[in-house]
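I opened this structure for the first time today. These are my notes, in the order I looked things up.

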Amino acid sequence: MLFIRRYFDLPPLNDIVAAVASNSHIKRPTALVTFDDGYRDNYELAFPILKSCKVPAVFFVPTDFVDRPSLPWWDRIAFVVKQSRTDIIEMKFPEQIAFDLRTTPRKHVVKKILDLYKQHRGRDERKFISHLEEQAKISPPPHVLAHRWIITWDEIRNMISAGMSIGSHTHTHGILGGMDEATQARELRESKTILERETGQPITTLAYPVGSTTAFNEITKRLAKEIGYSLAFSYYGGVNWPEHTDPFDIRRIGVEANESMSLFRTKTVFNSLFGKAF
Ligand SMILES: [Zn+2]
């Protein structure tokens, strides 16, 4: 964060929203730090660092998970696959499919089962999870299930008081690009309403869950605008050129947990120089 602070302008979210809305050119290398999913460590670990380095960040929160002591479904599936002691997970529901853990890396199996789950969302999700746990012969232990994984409304309000910003990450972390129009609209509207009620602030930004090029589409962008969002963030990479910024596809550069400082530095400097050249 000190590195970013030194080499970039770090305006708060509202200034960036205003700059994009008025088409005013941002001339110097500018960065916005964002976090998706609202994990509790955003508050406990990241927030104190951001505060002490005076970096205003944005937290995109799926509203259905806030203040709820439950393991989000994607983490529950990952837990079960990673901890499974069987060689083969043989799913008979919702379709016949087997995953060989001896020959396929577990993170690939996690991704495949998450894809299967996403196709099946809205129909018997509990049955899906309990069938997976039966076939993998493991369930998360009670202390994992009861742990509070996601931040609370009070924590969100504390972060806002300290200069941080909040945006929507839909209500249920649904993959908007795979949903019909009415469901997309509900996800976008419901999360905005809840966030505004809980924070007392207008919510004008959104990060598409997953954020890949297929995680949202032209309908999503139109709906987001109609429902009152001003900016929406994707997550497939890239920087935002002053002249070519789509307010409903603001590019982000991923920073993964195991990334070294030298890689982060190289990536960041490269993008800043590249950005300046245009
Ligand atoms: Zn997410």
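**Entry 1: the metal site.** I am working with a predicted model. I began at the zinc ion and looked up its protein donors: Asp37 through OD, His169 through NE2 and His173 through NE2. They lie 2.1 to 2.2 Å from the zinc ion. Along the sequence I read the donor spacing as D-x131-H-x3-H. Aspartate 37 sits in the loop between β1 (33-36) and α3 (40-53). Histidine 173 sits in the loop between β5 (165-168) and α9 (181-199). These two are 136 residues apart, and the pair links distant parts of the chain.

I then asked: are these two buried or exposed? Aspartate 37 is buried, at 15% relative accessible area. Histidine 173 is buried as well, at 8%.

**Entry 2: the domains.** I noted domain 1 as 2-69 + 149-274 and domain 2 as 73-146. Their C-alpha centres lie 29 Å apart. At the boundary, 10 residues of domain 1 are in contact with eight residues of domain 2. The area buried between domain 1 and domain 2 is about 700 Å². Carbon and sulfur atoms give 54% of that area. I found zero salt bridges between domain 1 and domain 2. I did find three residue pairs in polar contact there.

**Entry 3: salt bridges.** I counted 18 salt bridges. I looked at a few of them.

Glutamate 133 and arginine 76 meet at 2.7 Å, N to O. Glutamate 133 is in helix α6 (residues 125-136) and arginine 76 in helix α4 (residues 73-83), so this pair ties together parts 57 residues apart in sequence. Glutamate 133 is buried at 9%, while arginine 76 is partly exposed at 22%.

Lysine 221 and aspartate 246 form a salt bridge at 2.8 Å, N to O. Lysine 221 belongs to helix α10 (residues 218-227), and aspartate 246 to the loop between β7 (231-233) and α11 (261-276), so parts 25 residues apart in sequence are tied together. Lysine 221 is buried at 15%; aspartate 246 is partly exposed at 27%. I also noted a network in which salt bridges with shared partners join Asp154, Arg157, Arg197 and Glu198.

Aspartate 100 pairs with arginine 102, with their closest N and O atoms 3.1 Å apart. Arginine 102 is exposed, at 54%.

Entry 4: Last, I checked threonine 103, in the loop between β4 (97-100) and α5 (106-119). Threonine 103 is exposed, at 63% relative accessibility. From threonine 103 to aspartate 87 I read 9.1 Å, C-alpha to C-alpha, across 16 residues in sequence.

Notes:
Residues numbered from 1 in each chain as written. Predicted model: local features only at pLDDT ≥ 70, side-chain atom pairs only at ≥ 80, totals over all residues. Heavy atoms only, no water. Donors = N, O, S within 2.8 Å, 3.2 Å for Na, K, Ca; no water. Helix = DSSP H or I, 4+ residues; strand = E, 2+ residues; numbered from the N terminus. Buried < 20%, exposed > 50% of the residue type's maximum accessible area, 1.4 Å probe, protein only. Domains from an automatic or database assignment. Contact = heavy atoms within 4.5 Å. Buried area = accessible area lost by both parts, 1.4 Å probe. Salt bridge = Lys/Arg side-chain N within 4 Å of Asp/Glu carboxyl O. Polar contact = N/O pair within 3.5 Å; in protein donor to acceptor, adjacent residues only side chain to side chain.
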